[in-house]
Amino acid sequence: MDLVLFLTFALIAVACGLNMALQRHPVSSALSLIGVMVSLAVLYVLLGAEFIAAAQLVVYSGAIMVLFLFVIMLLNAGAEKLTKKAGTAHFLGLPLLLILLGLSSWVITTATSHAKPVKFGAFTAGGPREVGWELFTHYVLPFEVTSILILIAIAGAYRLANKEMD
Amino acid sequence: MDYLLVSLIKMAIIAPALLATLAYIVWVERKVIAHVQLRVGPYFVGPHGLLQPIADAIKLLTKEDFIPSGVNHFFYWAAPWLGLMFAVTGIAVIPLGPVVNIFGVETNLGLADLNIGLLWILGLAGMGVYGIALAGWSSNNKYALLGAMRSAAQMISYELPMALALAAPLLMSNSLNLREVVNTQAGFVLGFVPNWNLFTGFQIVGFVVYMICAFAETNRIPFDLPEAENELVAGFHSEYSSMKFAAFFMAEYCNMVIVCSVATALYLGGWHPIVPPTIAQFVPSLVFGGAAALLFFHGMNPGRPTDRYSFPVFGAIMGGLAVLFLLPGIGPILNHLFWFLGKVGFLLFFFIWVRATLPRFRYDQLMKIAWLFLFPVALLNLVLTAAGVTLFSK
């Protein structure tokens with residue numbers, strides 16, 4: 001059952017990812033990205049990280065991608081046209097992509113063994129209680145620093161938006 | 001019995017019940033608004049218009065599905081069903097009652113028992129925007145696009161105070177599982193005040209903030225700017241007809257049911273009755289018995305000629321329900337459902353009541369309320385609740 005679910009949603013994720021790159025229209029690309037995020041959330045659930053899955057759904061596909069879509073619709077961006085100008089990309093793109101994929105898969109397969117359970121830093125389980133506990137004890141400094149960073153970003157965005165108004 | 005089989009049976013009961021409820025909420029809404037405005041409302045299709053939802057469904061099914069030119073076909077087709085899917089899926093985590101024993105099978109009343117139940121609801125609420133946004137964009141109509149833009153901005157803005165308001169009762173129950181949240185609200189303080197988060201948790205401010213956000217999230221009056229008919233024709237669903245329009249309609253009412261169920265589970269104690277259990281077990285029978293008596297009385301002295309035949313039939317149905325609640329075995333199970341659905345029904349009535357009473361906000365007012373009033377109030381409520389929980393928790 002787990003394997004079937006994993007294969008289904010991994011396939012959907014890859015297909016949506018490819019579709020995102022191949023589609024000409026920005027709205028189609030954005031929706032494919034949402035498809036990737038939702039299938040990733042399912043994969044997180046399969047790994048037992050239910051809180052991360054919910055956060056993925058609420059934050060990424062529920063809030064950030066809505067903003068993306070909002071901006072695309074507001075600018076009324078149309079379908080993009082293919083140009084013949086980028087010659088290097090045309091010839092070197094596919095071989096370089098294959099090299100990158102091959103290298104990264106080689107590194108991943110050699111650096112990790114299959115027997116170990118998934119572990120990320122001090123996080124050992126993915127439920128809301130465990131994640132919250134580690135976040136506010138072991139990782140409290142990085143957590144707070146990140147929130148201050150976001151606050152600075154908000155202040156900066158506010159300043160920039162205000163400048164435009166005057 | 002097999003877990004999968006039990007789940008399938010529960011799904012086969014809850015899904016059609018939900019869809020039937022959605023159809024009849026429309027009837028109730030039209031009736032209530034009509035009576036607020038001193039009209040009669042639907043009356044001619046079936047006794048007191050009771051068959052009106054079925055007539056509406058047939059009308060919508062057989063209507064021509066008109067697709068305007070220049071639409072993006074795939075998204076135009078997908079948008080209403082996406083919206084409906086995200087709305088209906090929310091019912092999965094709603095706890096309708098405690099763990100009960102039906103015909104020797106131990107099961108909880110409700111579909112899934114998720115550890116992240118509330119986050120699931122919030123995630124679906126966030127995803128629900130896509131149905132409306134895509135509908136507006138793919139329709140190739142400026143009014144539809146404006147409606148979709150309004151809706152997206154409104155739903156993102158109101159999700160924030162809503163999540164903050166919902167965090168406060170979670171702090172008190174120390175869990176994201178809706179079933180556990182309801183379980184912590186069992187019992188009575190001083191013997192008569194129900195131990196709900198609304199009363200003994202002092203969450204009255206959080207409840208009000210949540211309900212205001214719920215109105216905005218479901219695009220209901222006074223926050224129905226995405227479909228403001230005197231500015232935007234019909235907003236995001238201007239270009240939709242037939243079953244696609246019906247899907248948007250059902251999604252809106254389903255969202256109403258979901259937000260009311262969440263409010264019931266988090267603030268109003270879920271299936272726990274408002275009076276002590278010794279009295280509570282007779283309340284459903286009293287309510288339905290009273291309704292039966294009233295119907296029989298009005299059947300004897302009919303206001304309109306047809307009431308002489310229709311009212312005694314309704315009275316008999318109500319009387320049958322009253323007897324059903326007194327049966328041993330099935331009675332206590334129905335009792336839990338009665339209290340949960342009764343609270344949800346009251347909140348739904350409140351939604352309709354507000355629709356019949358209030359005018360619509362202006363767009364800048366709508367944004368101002370969310371960011372300058374609801375957000376700080378919800379934040380303050382959360383901070384005070386957290387302080388209270390740290391000081392007084394056992």
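Reader: How many residues does the contact take from chain B and from chain A?

Author: Two residues are in contact if their C-beta atoms, placed from the backbone, lie within 7 Å. Here the contact takes 17 residues from chain B and 16 residues from chain A. This is a predicted model, in which local features need pLDDT of at least 70 and side-chain atom pairs count only at pLDDT 80 or more, while totals for chains, interfaces and linings use all residues. Residues are numbered from 1 along each chain as its sequence is written, and chains are lettered from A and ligands numbered from 1 in the order in which they are written.

Reader: Which elements give two or more residues to the side of chain B that touches chain A?

Author: Helices (H or I, at least four residues) and strands (E, at least two) are DSSP runs, numbered from the N terminus. The elements in question are helix H4 (117-138) and helix H5 (142-173) of chain B, and H4(B) gives the most, with 9 residues. For classes, Ala, Val, Leu, Ile, Met, Phe, Trp, Tyr, Cys and Pro count as nonpolar, Asp, Glu, Lys and Arg as charged, and the others, Gly among them, as polar. This side of chain B has 14 nonpolar, 3 polar and no charged residues.

Reader: Is H4(B) largely enclosed or exposed?

Author: A residue is buried if 20 or more other C-beta atoms lie within 10 Å of its own, exposed if 12 or fewer, and partly exposed in between, with C-beta atoms placed from the backbone. In H4(B), 22 of the 22 residues are buried, so the helix is largely enclosed by the rest of the structure. The expected span of a helix is 1.5 Å times one less than its number of residues. From first C-alpha to last, H4(B) reaches 32 Å, close to the 32 Å expected.

Reader: Which residues touch the most other members of the largest nonpolar core?

Author: In soluble globular proteins, nonpolar side chains tend to be buried together. A nonpolar core is a set of buried Ala, Val, Leu, Ile, Met, Phe, Trp, Tyr and Cys residues joined through C-beta atoms within 7 Å. The largest one has 117 residues, and B:Ala133, B:Ala148, B:Cys213 and B:Ala263 touch the most other members. Helix H9 (residues 242-266) of chain B gives the most to this core, with 16 residues. Beyond its neighbours within four places in sequence, B:Ala263 is in contact with B:Tyr210, B:Met211, B:Ala214, B:Leu268 and B:Leu347.

Reader: Where does a positive phi occur in a residue other than glycine?

Author: Most residues other than glycine have a negative phi. One of the exceptions is B:Asn219, with phi near 55°, in the loop between helix H7 (204-217) and helix H8 (229-232) of chain B. B:Asn219 counts as buried, with 25 C-beta neighbours inside 10 Å. B:Leu38 also has a positive phi, of about 55°, and its place is in the loop between helix H1 (3-36) and helix H2 (52-62) of chain B.

Reader: In what sense do strand E1 and strand E2 of chain B pair?

Author: Two strands pair if DSSP finds at least two bridges between them. Strands E1 (residues 99-102) and E2 (residues 105-108) of chain B pair in the antiparallel sense over 4 bridges, and B:Thr107 is the bridge partner of B:Val100. The two strands form a hairpin with 2 residues between them, and B:Phe103 in the turn has a positive phi of about 50°.
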